[in-house]
Amino acid sequence: DVVTIAQRVPYLAHPRLQMALIPAASRNILNTDEIVSELRTARRDLTVNVATMVPGHMTFAEQLRAVRESRVLVAFHGAALTHLLFLHKEASVLEYTSPRYWSRNHFMTMARQTGTTFMLDTLHPLDEQVFDQYHVPPAEFVSTINRHCPTPRLQAAMAKMAASGGALTGAVDSPPAAAGQAALPPNAVIDVNVVAGNPV
C-alpha cells in the first residue's frame, strides 16, 4: 500500500499579486519529514511518497499515476485534494484543515458524492502571528493512517473473519447529512478528528 502526501509550494494566486508578498506556501506542514520518518518506522509495509502535484514538478499524467497508486492521499486544504476524484474505490483521503477553513467543505462534498472514505483533522497554527504554518503530531498521524490502512496482521484477521462469515465491529459510522445535503453513499465514511497543532 502507498501513502501519498501532497506537499504545497509557493505560488502566485493572481497576476496582480507580487511573489514578494508570498514568501512561502500557505497552509504549510512544517514537519513533513518528521511524520514521514515516523510512519516509515512504524509501518515498514507501507510506501510513503511526498509529491509536489503542480505543473513544473510533475506532469498531469505523473500526478494521476501517483494518485491511482495511493491507498491514502494526504494534503492540507488546497487544490491538490481535487485529486480525490481519481482515487480507486478502496482508497481514503485525509484532509488537514484549520478553524479558518472550517466553512470550506467542498472536498468533503466531493468525497460524499464519489463514496470516497474521507478523514478531516483540524490543526491550529503554531504561531498566530505567522500565516498558516502547522505541525502535525507524528503519533496522531500514524494512528490515523493505521485506522484506514490496516496492517498486514489486521488484513489477515479481516480476511479470516470474512471467510468464516463474521464481521469486525467498531467501524466508524457516517454522520447524518446536514439539511439540504445529499445522504452519504453506504460505503462512504467521514472520520472527523480535532488535533492540537502544538508540538509536545
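Let's start with Thr116, which counts as buried at 8% relative accessibility (buried means under 20% relative accessible area, exposed over 50%, partly exposed in between, with a 1.4 Å probe and protein chains only). Keep in mind that this is a predicted model, where local features need pLDDT of at least 70, side-chain atom pairs count only at pLDDT 80 or more, and totals for chains, interfaces and linings use all residues. Residues are numbered from 1 along each chain as its sequence is written, and side-chain values use heavy atoms, with hydrogens and water left out.

Thr116 sits in the loop between helix H3 (106–114) and strand S6 (117–122); helices (H or I, at least four residues) and strands (E, at least two) are DSSP runs, numbered from the N terminus. Its side chain makes a polar contact of 2.8 Å with the side chain of Thr114. A polar contact here is a pair of N or O atoms within 3.5 Å; within protein, one must be able to donate a hydrogen and the other to accept it, and residues adjacent in sequence count only if both atoms are side-chain atoms.

Now over to helix H1 (residues 32–42), where Thr32, Ile35, Val36 and Leu39 are buried. They cover an arc of only 100° around the axis, so they end up on the same side of H1; the arc is that of the directions from the helix axis to the C-beta atoms.

What about charges? There are two salt bridges, each a side-chain nitrogen of Lys or Arg within 4 Å of a carboxyl oxygen of Asp or Glu. In one, the side chains of Asp1 and Arg71 meet at 3.3 Å, N to O. Asp1 lies in the segment before strand S1 (2–6) and Arg71 in the loop between H2 and S4, so this pair ties together parts that are 70 residues apart in sequence. Asp1 is partly exposed at 40%, while Arg71 counts as buried at 19%. Arg43 also forms a salt bridge, with Asp45, the closest N and O atoms being 2.7 Å apart. Arg43 is buried, at 2% relative accessibility, and Asp45 is partly exposed, at 35%.
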